[in-house]
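Dear colleague,

Please find below the structure that I am handing over to you. My findings follow it, beginning with the contact between the chains.

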2 protein chains.
Amino acid sequence: VAARKIGEFELISAIEALVAARPKSRGVRVGIGDDAAVLQTTSRSIVTTDALVEGVHFERHWLTPAQLGARAFRVASSDVAAMGGVARYVLLSLTIPEDMPIGDVRRCAEGLIADAEAASTSLVGGNISYGPVFSLTLTVVGAAGARVLTRSGARPGDSIVVTGTLGDAAAGVEQLLAGGRRSKLIDAYRRPPSRLAIAGRLARGSDVTAMLDLSDGLGRDLDHLCDSSGVSARVDLDAVPVSPSLRRYARAQGTGPLGYATRGEDYELLIAVGNGEAGLRRVARACKTSGVAMTVIGTLGAKISGARVRDSFERPIEGGWDHLRRRPSD
Amino acid sequence: VAARKIGEFELISAIEALVAARPKSRGVRVGIGDDAAVLQTTSRSIVTTDALVEGVHFERHWLTPAQLGARAFRVASSDVAAMGGVARYVLLSLTIPEDMPIGDVRRCAEGLIADAEAASTSLVGGNISYGPVFSLTLTVVGAAGARVLTRSGARPGDSIVVTGTLGDAAAGVEQLLAGGRRSKLIDAYRRPPSRLAIAGRLARGSDVTAMLDLSDGLGRDLDHLCDSSGVSARVDLDAVPVSPSLRRYARAQGTGPLGYATRGEDYELLIAVGNGEAGLRRVARACKTSGVAMTVIGTLGAKISGARVRDSFERPIEGGWDHLRRRPSD
């Protein structure tokens, strides 16, 4: 059944029914079905909003509706992780083209709910409207951890650390655009990592001085970090962690893997670590406990004029990736 | 300059600059410019999300960008008012067509910020993306008042009260669709009422048993109230408050004003009032203090089978208005 055949209220009812079928969530005083949600919150809430728009951030045939829903949650909650917080509630605003099968809308919401619940996050509200393309705008409401990890606390001498491997998702998008449908790189795009657990753990210690998520690409995001903290960065490009799949794929394309590693869509954490070797050891231990790979890729220095992010040979590193300019159809 | 000429980061910077130019807001620990906002919140937060999509909810030539921004805030915060809460923070997610002048995006954000600030609400975050049409998705984070006024507390015997007049905005949309550009009715569409102040006042008393905002139309919203509270409603249709402008316009169209009064877009409050005549007197006094007109339009009764909302002659009242089905182009 296509969306045009049924009305807004039936659609909302269908999604309400999905939510009603789940166990009642802690902290939700009034959930979906009233004018607004009433939520138990702590004194410091973390709030972020993010949109995935068909034709700009994804094509519908790139992933299943359930994968899209889960991906939307991971992308949006990544910003809460980057502050060292815990995601507690999520709101979902959908625009739906008239020809979209209603089953796909339901499966998308189911995928989101399941992935959110795995992070102890509840769907508490939303909105549905027709629109020319499918889009999902998520708002995640979280609770701050012991410390709030902003972008602005890094100091010269801090180590630059990243989690996981970089560039897989960007290469996956390239494969999707070329008609690819199955690969490890495409899987990385379809299912970004969730770094909420390790981020919360890091916020309990005092070694991390600044943190953000790698959504815009290593170059651009390091630039943000340097801007906000008033520092410069020197990155050992050979140390940037890259998966064997990406290395193989890049070689086959006659290029290096680093171009992919600065394109964005990684949703790994970029972390400034202070307290010298002892700080790094504690962060490494926390990552190990959480089962998350981490790599030291460079060092922060004093503010300099000109390009703030340079490689080991003091050469400026190419910038990141501007969501607004880049389209799947490019 | 059209949106395609500049990148996401420049656009975000322009809006960040707007926010930075305002006095620092109470409660905002980390505002726009980091991964997420960190906000001081109370133990009970009210959260709601709402979208306005070009071609579905508005056409760009129907109102100025500043009016659109302000309207978006009023529509979204109306749900917080309906719970008896205070709007404290707002997040704005925009999709922007490539041909849209950047000045319009800025003026839209300015209109939103100004109207939100008048309600002591701060813009604390957002997202910008290309999209095929202009759309604004707002999330409003509020604080619960002394009491949370849901839809489910109404009891048989309660009076049914509405604020303001109904139907003006729906008639204004009809005029806009017919090419109209200036009228009181169009003004009502462009600038919905803000009922945050009176709603907060009502939440401090104990006479209101249930409340919601009239966004879907009197028929549909009364239906929601009856559903949630397990009651029926009898409405004196002659009592439904209608402006002289609407009465004149409807007469010229050879129809009555009530059809417009149940189409939605009013963003007035629908209130169930208990405690008999004394309760009504106190609610009337609160409305008078806030400068808000109020009208008793009927009484709630015990749950009945069949249509729950009937007129004084026990005839079912036609249902409301399904956002998803209705398009400006219809």
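Buried area is the accessible area, taken with a 1.4 Å probe, that two parts lose on being put together, summed over both. On that basis, about 5100 Å² is buried between chain A and chain B, with carbon and sulfur atoms giving 58% of this area. Please bear in mind that the model is predicted.

The interface

Contact between the chains involves 64 residues of chain A and 64 residues of chain B. Four salt bridges are counted between chain A and chain B, together with 16 residue pairs in polar contact, both residues being at pLDDT 80 or more. On the side of chain A that touches chain B, strand 3 of chain A gives the most, with nine residues. The residues of that side comprise 26 nonpolar, 21 polar and 17 charged.

One of the salt bridges joins B:R151 to A:D34, with 3.6 Å between the closest N and O atoms. A network of salt bridges links A:D34, A:D35 and B:R151.

How are the two copies related?

A:V53 belongs to strand 3 of chain A, which spans residues 44-53. Its relative accessible area is 2%, and A:V53 is therefore buried, the cut-off being under 20%. Beyond its neighbours within four places in sequence, A:V53 contacts A:F58, A:V133, A:F134 and A:S135, and from the other chain B:T95, B:S129, B:Y130, B:G131 and B:P132.

Salt bridges within the chains

Over all chains, the whole structure holds 28 salt bridges. In one of them, the side chains of A:R60 and A:D99 meet at 3.9 Å, N to O. This pair links distant parts of the chain, 39 residues apart: A:R60 is in the loop between strand 3 and helix 2 (65-82) of chain A, and A:D99 in the loop between strand 4 (86-96) and helix 3 (102-118) of chain A. A:R60 is partly exposed at 27% relative accessibility, and A:D99 is partly exposed at 49%.

A salt bridge also joins the side chains of A:R263 and A:E174 (3.3 Å, N to O). Here the partners are 89 residues apart, A:R263 in the loop between helix 9 and strand 10 of chain A and A:E174 in helix 4 (residues 168-177) of chain A. A:R263 is partly exposed, with a relative accessible area of 29%, as is A:E174, with 21%.

In chain B, the side chains of B:D227 and B:R308 meet in a salt bridge with an N to O distance of 2.1 Å.

Most residues other than glycine have a negative phi. Against this background, A:E265 has a positive phi of about 75° although it is not a glycine. A:E265 is placed in the loop between helix 9 (258-261) and strand 10 (269-273) of chain A, and is buried at 6% relative accessible area. A:N275, also not a glycine, has a positive phi of about 65°. A:N275 is in the loop between strand 10 and helix 10 (276-290) of chain A and is partly exposed, with 41% relative accessibility.

With kind regards

Notes. Residues are numbered from 1 along each chain as its sequence is written. Chains are lettered from A and ligands numbered from 1 in the order in which they are written. This is a predicted model: local features need pLDDT of at least 70, side-chain atom pairs count only at pLDDT 80 or more; totals for chains, interfaces and linings use all residues. Side-chain values use heavy atoms; hydrogens and water are left out. Helices (H or I, at least four residues) and strands (E, at least two) are DSSP runs, numbered from the N terminus. Buried means under 20% relative accessible area, exposed over 50%, partly exposed in between (1.4 Å probe, protein chains only). Contact means heavy atoms within 4.5 Å. A polar contact is a pair of N or O atoms within 3.5 Å; within protein, one must be able to donate a hydrogen and the other to accept it, and residues adjacent in sequence count only if both atoms are side-chain atoms. Ala, Val, Leu, Ile, Met, Phe, Trp, Tyr, Cys and Pro count as nonpolar, Asp, Glu, Lys and Arg as charged, and the others, Gly among them, as polar.
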